[in-house]
Amino acid sequence: MHMAIVLTINGETKSFDAPPDMPLLWALRDILGMTGTKFGCGIAQCGACTVHVDGKAVRSCVLPVSAVANRTVTTIEHVGSTPAGAKVQKAWLEAEVIQCGYCQSGQIMAAAALLAATPNPDDSDIDAAMAGNICRCGTYVRIREAIKQAANGRQS
Amino acid sequence: MSGKMRILTSVVVIGVVAAGLGAWIIRGPGPLDFAGGTKVALADYRAGKPTGVPAKLEKASLVERGEYLAKAADCMVCHTQPGEKDYSGGLAFKLPFGTLYSTNITADKDTGIGNYSDQDFLNAVQHGKRRDGARLYPAMPYTSYTFMTDEDVLAVKAYLFSLPAVRAKAPDNTLSFPFNQRWAMIVWSAVFNPDTRFAPDTSKSPEWNRGAYLAEALAHCGECHTPRNLGFALDNRRKFAGAITAGWRAFNISSDKATGLGSWSDQNLISYLSLGHAPGHGSASGPMGEAVDHSFSQFAPEDIRSIVAYLRSVPPVPSPDLPATTAPIAPASHKEGVTADARGKMLFAGACASCHGWSGESPVSPMATLTGTWAVNDPAATNVAQIVISGTKRHTPDGALSMPAFGNAYTDDEIAAVANYVTARFGTKGSKLTAKDVAELRKQTAE
Ligand code: FES
Ligand code: FES
């Protein structure tokens, strides 16, 4: 059963037909063609699919599209236009965080949500916010470093 | 009679009386005795029809009526092994004294019930007697089904016989002595099977009577929610006070205000039964999740309302080990609130926080909200550990919703740590589970 879905994604209104229980991730990638958000596990255990809903990091692979109607969705394609997202992306480039890149949309989204809520995170804040984002290339050390750089606005 | 004989006779008489009295004391009241009103035979009851199918199916075929009743009696969940054909049996029940397997109740003549006559089927469902005369173990809730009318039992049979016959032989039971002595069930059954059909109570409303029939004869709520006595039969002195079944805790559903359903609104009860979720009370998972998916969600709305009316009348029995109120929402920051179990916290951050949130309110779905659930407020953490071990998959009107099973990914020690963290952070009183407790819980889970 399909229904008409209207979403606000990255500041734009998008309408499409989809089953109400379709995960937001599928709608993003398969219907809207926004493939920056990645699929890893599909069961909220890797973080690759992280987007922001009303500014909070949420796993889009388990979030039904019908649950985000009337809420604001931001994806990796647009996070650079938020203050925290811009800082994170800059720090990410400076610290050369990325290895293969597959997990990195999710890492950046999680880090941007962390900094928006907690501008000066300590290690335990970083653990609490980032522990669910898995990186098979092991970039964790650089991720932590880049988050701290982004918070301080300086290079360490 | 000689003096010796007289003494011997009195000893025997006293012995028999004592045994009878003992059995009678252990047996206690029947499931509907609490109501206390005047019971009449079904045929003499004029105020309504508590048995059978809801009005919209009154004119339906025998098979369709049987389908409704089979779902209401929730036959399928126990008689189907996950991944196998419906009703083909083989589901394992892990008991402390061995494993029982459910039987194939499709119409296959060799491995199922294809040779059962109507009387054979009635004997099995109402009296716990197999076609070959052997006794059924009470894992088959015939002490509840015995309240069903013959007409309803035979409608279920017609439905089962309308389905494809499946050839499938269940594995042999592995019960240890003395539990492998089926004949002993003759005695058990004589003491504990009320062996009587449902008798309406004229002092109660027709809605109550319908609810009583549905809850007692068909849905067999008490089989999980009523504690068992020394003889492994339901102890109706503590009716619906909650119990552990198949390793999961079936919570108190008596009308106790603090720890039962006494303070739930009708709307929440209806929602919990028909959707498996009520705002502020959490979601059904484990055996109750299955009961909702396969049984309650298929009930007609008026039947759900009748069950609610009936549940309301069950006398309050408190659960002293549960807190008087459930804990409020936890702080949004991981730093506030409980931080004791560092290992549990680490696991929670990695595997749980993205769906359940640090506050316990799920950013993903209200069904995944932990705040307010008995599971996290139970100081024994039974259901928290179980759901971490086996996960859940629910089918709701909005689609499937699931939690992965972490049983193979995490050790007993890790599962204990995360359960202790979760109950401390989101519940009233943290649990103190050990790896050994978790190992024990794993053993009890039905496979
Ligand atoms: S794909 Fe969503 S968390 Fe892995
Ligand atoms: S950079 Fe390769 S998975 Fe993270």
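1. Polar contacts between the chains. Chain A and chain B share 5 residue pairs in polar contact, both residues of each pair being at pLDDT 80 or more. The model is a predicted one. On the chain A side, β4 and α4 (123-130) each supply at least two of the residues that touch chain B. α4(A) gives the most, with 4 residues.

2. Make-up of the chain A face. The side of chain A that touches chain B has 8 nonpolar, 3 polar and 6 charged residues. In total, the contact takes 17 residues from chain A and 15 residues from chain B.

3. Buried area. The two chains, A and B, bury about 1300 Å² between them. Carbon and sulfur atoms account for 56% of that area.

4. Salt bridges. There are 2 across the interface of chain A and chain B. Lys335(B) forms a salt bridge with Asp125(A). Their closest N and O atoms are 3.0 Å apart.

5. The sheet of chain A. It is open, with 5 strands in the order β2-β1-β5-β3-β4 and mixed pairing. β2 (12-18) and β4 (56-59) of chain A are the edge strands, each pairing on one side only. From one strand to the next, the twist averages 40 degrees.

6. One strand pair in detail. In chain A, β3 (residues 50-53) and β5 (residues 72-74) run antiparallel and are joined by 2 bridges. Val53(A) has Val73(A) in β5(A) as its bridge partner.

7. A helix on the sheet. Helix α1 (residues 24-31) of chain A lies across β1 (3-9), β2, β3 and β5 of chain A. Relative to β2(A), helix α1 runs at about 100 degrees.

Notes:
Residues numbered from 1 in each chain as written. Chains lettered and ligands numbered in written order. Predicted model: local features only at pLDDT ≥ 70, side-chain atom pairs only at ≥ 80, totals over all residues. Heavy atoms only, no water. Pairing = 2+ DSSP bridges. Axes fitted to C-alpha atoms, helices over the stretch in contact; angles between N-to-C directions. Contact = heavy atoms within 4.5 Å. Buried area = accessible area lost by both parts, 1.4 Å probe. Salt bridge = Lys/Arg side-chain N within 4 Å of Asp/Glu carboxyl O. Polar contact = N/O pair within 3.5 Å; in protein donor to acceptor, adjacent residues only side chain to side chain. Nonpolar A, V, L, I, M, F, W, Y, C, P; charged D, E, K, R; others polar.
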